[in-house]
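Subject: A structure for you to look at

Hello,

I am passing on a structure that you have not worked with before. Please open it first, and then read my notes beside it.

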Amino acid sequence: MGTDPGTDARIDEPQFRQGRGAGAIGRAGKPNRDYPHVAIGSIDYGAGEKGHFVCIKSSLTGDENDYVRDYARRHDSFPHETTGDQFFSEEQFEVYRALGFHMAHGFLSGQCKVVTSPRTGPSSVKFAAGGTDSIDAVRAALGLL
């Protein structure tokens with residue numbers, strides 16, 4: 001991953017599934033938080049300089065509010081509708097705002113798991129818990145330590 005010459009950006013893609021999350025809604029319609037909305041990746045700039053980035057992926061895990069889930073039920077391509085038509089309806093704009101709020105709030109409050117790539121291998125932990133190099137670095141950058 002990455003397009004900047006001399007850098008190497010990595011994210012644990014197998015755990016950070018694309019789209020609606022094939023199987024994101026668990027059995028009996030219960031939420032499946034094994035498909036996180038957020039991943040923390042690592043960047044190696046070379047010459048010993050390293051960093052982290054946060055990637056928030058529009059996705060559905062089944063724990064969204066009724067308004068978001070109802071819109072998804074009626075619109076098969078949600079949350080990946082084309083941006084070719086820039087004239088979003090009020091409902092479409094609001095449902096994407098609500099999904100974005102849900103994802104960011106779940107991440108920052110520690111309610112949802114985050115995919116990380118610590119030295120020991122990929123894992124899925126809560127952001128508020130800390131304890132991994134990548135989460136601790138991002139928490140420090142946000143002034144949360």
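Below is what I found, going from the overall layout to a few single residues.

Please keep in mind that this is a predicted model. The protein has three helices and five strands, and their order along the sequence is β-β-β-α-α-β-β-α. Of its 145 residues, 35% are buried. If you look at contacts between residues at least 6 apart in sequence, 49% of them join residues at least 24 apart.

Which residues of α2 are buried? They are Q92, V95, A98, L99, H102, M103, G106 and F107. These residues are on the same side of α2, because they cover an arc of only 160° around the axis. As background, an α-helix has 3.6 residues a turn, so residues three or four places apart point the same way. On the face turned away from the buried side of α2 you will find the exposed residues E90, F93 and F101.

What do the buried residues of α2 pack against? Their partners are β2 (38-46), β3 (49-56), α1 and β4 (113-116). Just after the helix, G110 has a positive phi of about 85°.

Next comes the largest nonpolar core, which is made up of nine residues: L60, V68, Y71, A72, F78, V95, A98, L99 and M103. In general, nonpolar side chains tend to be buried together in soluble globular proteins. Leaving aside residues up to four places away in sequence, M103 touches H37, V38, I56, K57, S58 and S59.

Now turn to R139, which sits in helix α3 (residues 133-141). Is R139 buried or exposed? With a relative accessible area of 14%, it falls under the 20% cut-off and therefore counts as buried. Even so, R139 has no salt bridge. The nearest side chain of opposite charge belongs to D136 and is 5.1 Å away, whereas a salt bridge would need a distance within 4 Å. Not counting residues up to four places away in sequence, R139 touches F127, A128, G130, L144 and L145. R139 and F127 are 12 residues apart along the chain, and their C-alpha atoms are separated by 8.2 Å.

Finally, here are two details of the backbone. Most residues other than glycine have a negative phi, and most peptide bonds are trans. The peptide bond from F78 to P79, however, is cis, with omega near 10°. A47 is a residue other than glycine with a positive phi, near 55°. It lies in the loop between β2 and β3, and at 90% relative accessibility A47 counts as exposed.

Enjoy looking around, and do write back with any questions.

Best wishes

Technical notes
Residues numbered from 1 in each chain as written. Predicted model: local features only at pLDDT ≥ 70, side-chain atom pairs only at ≥ 80, totals over all residues. Heavy atoms only, no water. Helix = DSSP H or I, 4+ residues; strand = E, 2+ residues; numbered from the N terminus. Buried < 20%, exposed > 50% of the residue type's maximum accessible area, 1.4 Å probe, protein only. Lys, Arg positive; Asp, Glu negative; His and termini not counted. Contact = heavy atoms within 4.5 Å. Core = buried A, V, L, I, M, F, W, Y, C linked by side-chain atoms within 4.5 Å. Arc of directions from axis to C-beta.
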